[in-house]
Amino acid sequence: MSQYTPNVNFSSDRAPRAVASAAWHSLFWLVFANGVGVLLSFLLLFPAFNRLLGEWTYGRWIMVHMNLELYGWTSLPMAGFLFKVYGAARGPLAQWCRPVLWVWSTALGVGAYSWLSGYSSGKLFLDWSDYARILFPLAMIALWALLTTSLVHKWKTTAARGTKLLGLALLLVVPFVMYIASSPNFYPAINPDTGGPTGASQLESSLIIVAILLLLPYGLTQRKAEHSRTIASAWAIMIAEFLLCFALGRADISHHRPAQFLSLGSLLIWAPLMPAYYAAFEWRANTRRWRIAFLCWWSALVISGWIFFLPGILDHFKFTDGLVGHSLLAMAGFTSSLLIFVMVQMLGEDGWIFNQTRSFYGWNIAVVAYVALMSAAGWREGFDPTFTIVPGAARNAVYFLRVVVGVVMLAASLDWFVDATTLLHVPPHVLMAQEKTV
């Protein structure tokens, strides 16, 4: 645990218990998934240890690692965000937020056990099958029901009711789509009729992330009036890029065609534009370091993503550890920093749990080191595919350092989790005041 002592004056700037609980649950799964990640990196370095795990070998733990990072760490902060946006975090319904979070975490635990037991649809990030395939969508529906009840309860005093109704309609579709998409009968896990990534498909998925980033501040803070032109320009550029995306079509086209990699290059404008956009909003002072971190990782992701797509470079890095490193840049670098920034903004003065110097720099430096290691390994692997298959001094050194980096990331996440546990120890009179506030 860090040496920082939180303010014992439980002011109104403290986070609602529901938001703090969402942070705690998300960090619990981050620690668990990171621990599994360390195990996986150890098994890659010493494959013989798989024999000691019985049926729970690398192939089953990898599903647990990826799915818990996605549906635990990266999803539960958004539950806290929705609690705040729909007003469920305060008032008489606040007492139901924590049970909903426990239903979600229980579904994740059941899912993890099912994957370790060999149940899987065979689809990446849609591994839900058998009983877990039913339980997890039910957890989503439980969250939706709470948000809907909160909106109805506070209907007369709620702003932007039309937008929130639209949000609920979209959220209701998700559990049913997930249940259908997880079925092995819906579409094959490996579809030989589809090609690799195209500039159009990459541009489309990237613009969805851009749209989320543009919308996110409206649920967290207020915009600065003097920066309205920057905000309007960002939205206009996004609309123009969506039109470009539709004009490219969705055919299976080689990434060697100039129209593909040049159109994807249009995303480069968001490297400087997104920091300018976020500067147009009011943010808490304690979000500064994570705001800078997520915007730096965003710029690195946009620039490196385009470079990796270029003809010759993608051909060299495809199916190597280089793309593993780029994936970690996206998840542990950009996505994790963004999530922590959002949680610090929502937690108010309780955001101190993420601002300890040791864990902040430990996490970010470890991500830089991981990306550098995997990029170097991927570049070498592009010349010699046996580099990561046949043990050797260079390969073993890279994989050993990856274990070390994983341990550092695990330690940082554990530091946050231990500190987050203190947020749940709110005095009863403060808790009652929070949950009665409308």
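Colleague: What percentage of the residues of the protein chain count as buried?
Modeller: Keep in mind that this is a predicted model. A residue counts as buried when its relative accessible area is under 20%. Of the 438 residues in the protein chain, the share that counts as buried is 50%.

Colleague: How many helices and how many strands are there in the protein chain?
Modeller: Helices and strands are taken as DSSP runs. For the protein chain, the number of strands is 0 and the number of helices is 16.

Colleague: What share of the contacts with a separation of 6 or more is made by residues 24 or more positions apart?
Modeller: Contact here means heavy atoms within 4.5 Å. Among contacts in the protein chain with a separation of 6 or more, residues 24 or more positions apart account for 84%.

Colleague: Which residues have the most contacts inside the largest nonpolar core?
Modeller: The members of such a core are buried and are joined through side-chain atoms. The largest nonpolar core has 124 residues. Those with the most contacts inside it are Phe 83, Trp 270, Met 274, Tyr 278, Trp 290 and Phe 354.

Colleague: How many disulfides does the count come to?
Modeller: A disulfide needs two cysteine sulfur atoms within 2.5 Å. By this rule the count is 0.

Colleague: How many salt bridges are counted, and in which of them are the parts of the chain distant?
Modeller: Side chains of opposite charge can pair when their charged atoms come close. The count is 2 salt bridges. In one of them, between Glu 55 and Arg 60, the closest N and O atoms are 3.6 Å apart. In another, Arg 358 and Asp 415 have their closest N and O atoms 3.5 Å apart, and this pair links distant parts of the chain, 57 residues apart, from helix H14 to helix H15: Arg 358 and Asp 415.

Colleague: Ser 413 lies in helix H15. Which residues is Ser 413 in contact with?
Modeller: Ser 413 is buried, with a relative accessible area of 0%. Leaving aside neighbours within four places in sequence, Ser 413 is in contact with Leu 30, Val 31, Asn 34 and Trp 363.

Colleague: Ser 183 is in the loop between helix H6 and helix H7. Which residues does Ser 183 touch?
Modeller: At 11% relative accessibility, Ser 183 counts as buried. Not counting residues up to four places away in sequence, Ser 183 touches Lys 123 and Arg 133.

Colleague: At roughly what angle do the axes of helix H8 and helix H10 cross?
Modeller: Two packed helices are described by the angle between their axes and the distance between the axes. Residues of H8 including Trp 235 and Met 238 meet residues of H10, among them Trp 270 and Leu 273. The crossing is left-handed. The axes of H8 and H10 come within 9 Å, and the crossing angle is roughly 145 degrees.

How values were computed. Residues numbered from 1 in each chain as written. Predicted model: local features only at pLDDT ≥ 70, side-chain atom pairs only at ≥ 80, totals over all residues. Heavy atoms only, no water. Salt bridge = Lys/Arg side-chain N within 4 Å of Asp/Glu carboxyl O. Helix = DSSP H or I, 4+ residues; strand = E, 2+ residues; numbered from the N terminus. Core = buried A, V, L, I, M, F, W, Y, C linked by side-chain atoms within 4.5 Å. Buried < 20%, exposed > 50% of the residue type's maximum accessible area, 1.4 Å probe, protein only. Axes fitted to C-alpha atoms, helices over the stretch in contact; angles between N-to-C directions. Left-handed = near helix turned anticlockwise from the far one by under 90°.
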